[in-house]
Amino acid sequence: MEPKVITLTVNGRKHQVALPPNITLLRALREYLHYTDVKNGCEKGDCGACTVILNGKAVNSCLVLAWQADGGEILTVSGLGTTSNPHPIQEAFADTGAAQCGFCTPGMVLAAKALLDENPHPTEEEIREAISGNLCRCTGYGPIVEAIQIAAERLAEGGQK
Ligand code: FES
Ligand code: FES
């Protein structure tokens with residue numbers, strides 16, 4: 001099949017890109033559009049490092065074909081906040097030491113964002129369920145769960161969303 005031009009809006013910026021049918025959203029974002037904040041861990045749906053928010057839902061971008069995302073709105077971690085202007089979730093991850101090597105962090109933060117958008121006051125069990133598809137080899141998960149609890153509290157107090 002011939003490449004087709006698709007439109008992906010990433011972090012509010014519209015891109016048109018010609019892609020063959022077998023390119024995943026992960027590869028489109030990293031290799032064609034240079035969003036290297038989206039991490040490639042396993043490319044088979046096991047690790048969650050490639051998590052992005054597509055049309056409001058957290059997805060493993062390695063399991064979505066870019067053509068399927070045509071016309072979609074995508075949020076990557078660099079669209080959520082920056083070092084100088086972090087989102088409360090990113091701030092909470094820094095405060096609790098929830099980012100160690102950092103490889104899982106973009107996906108974890110976006111899984112947390114999707115959870116808190118849908119459920120602003122999650123229980124610990126709901127937090128653990130929401131990040132169950134995101135593997136972390138460093139932290140033992142405790143600081144990540146704590147970071148998401150703190151972020152939920154700060155957002156409820158009126159932090160930037
Ligand atoms: S790279 Fe997509 S789940 Fe591991
Ligand atoms: S901080 Fe290293 S994998 Fe999670």
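Let me start with T24 and what it touches. Setting aside residues within four places of T24 in sequence, the contacts of T24 are S61, C62, V64, L65 and A66. This is a predicted model, so please read everything I say as coming from a prediction. T24 sits in the loop that links β2 to α1. Is T24 buried or exposed? The relative accessibility of T24 is 14%, and the cut-off for buried is under 20%, so T24 counts as buried.

One of those contacts, A66, comes up again with A28. A28 belongs to helix α1. Which residues does A28 touch, apart from those within four places in sequence? The list is L8, L19, I23, L33 and A66. A28 and A66 are 38 residues apart along the chain, yet 6.5 Å separates their C-alpha atoms. The relative accessible area of A28 is 0%, so A28 is buried.

Now the sheet. It is open and has five strands, in the order β2-β1-β5-β3-β4, with mixed pairing. At the edges are β2, residues 13-19, and β4, residues 57-60, and each of these pairs on one side only. From one strand to the next, the twist averages 40°. As a reminder, strands of a sheet pair through backbone hydrogen bonds, and the pairing can be parallel or antiparallel. For β1, residues 4-10, and β2, the arrangement is antiparallel, with seven bridges joining them. To place one pair for you, K4 is opposite L19 in β2. L19 is also among the residues in contact with A28.

Next, how the helices lie on the sheet. Helix α1, residues 25-32, lies across β1, β2, β3 and β5, and runs at about 105° to β2. Here β3 is residues 51-54 and β5 is residues 73-75. Helix α4 lies across β3, β4 and β5, at about 35° to β3.

Twelve of the 14 residues are buried, so α4 is largely enclosed by the rest of the structure. The buried residues are T105, P106, G107, M108, V109, L110, A111, A112, K113, A114, L115 and L116. Note that K113 is on that list.

Definitions and conventions
Residues are numbered from 1 along each chain as its sequence is written. Chains are lettered from A and ligands numbered from 1 in the order in which they are written. This is a predicted model: local features need pLDDT of at least 70, side-chain atom pairs count only at pLDDT 80 or more; totals for chains, interfaces and linings use all residues. Side-chain values use heavy atoms; hydrogens and water are left out. Buried means under 20% relative accessible area, exposed over 50%, partly exposed in between (1.4 Å probe, protein chains only). Helices (H or I, at least four residues) and strands (E, at least two) are DSSP runs, numbered from the N terminus. Two strands pair if DSSP finds at least two bridges between them. Axes are lines fitted to C-alpha atoms, for helices over the stretch in contact, and angles run from 0 to 180 degrees between N-to-C directions. Contact means heavy atoms within 4.5 Å.
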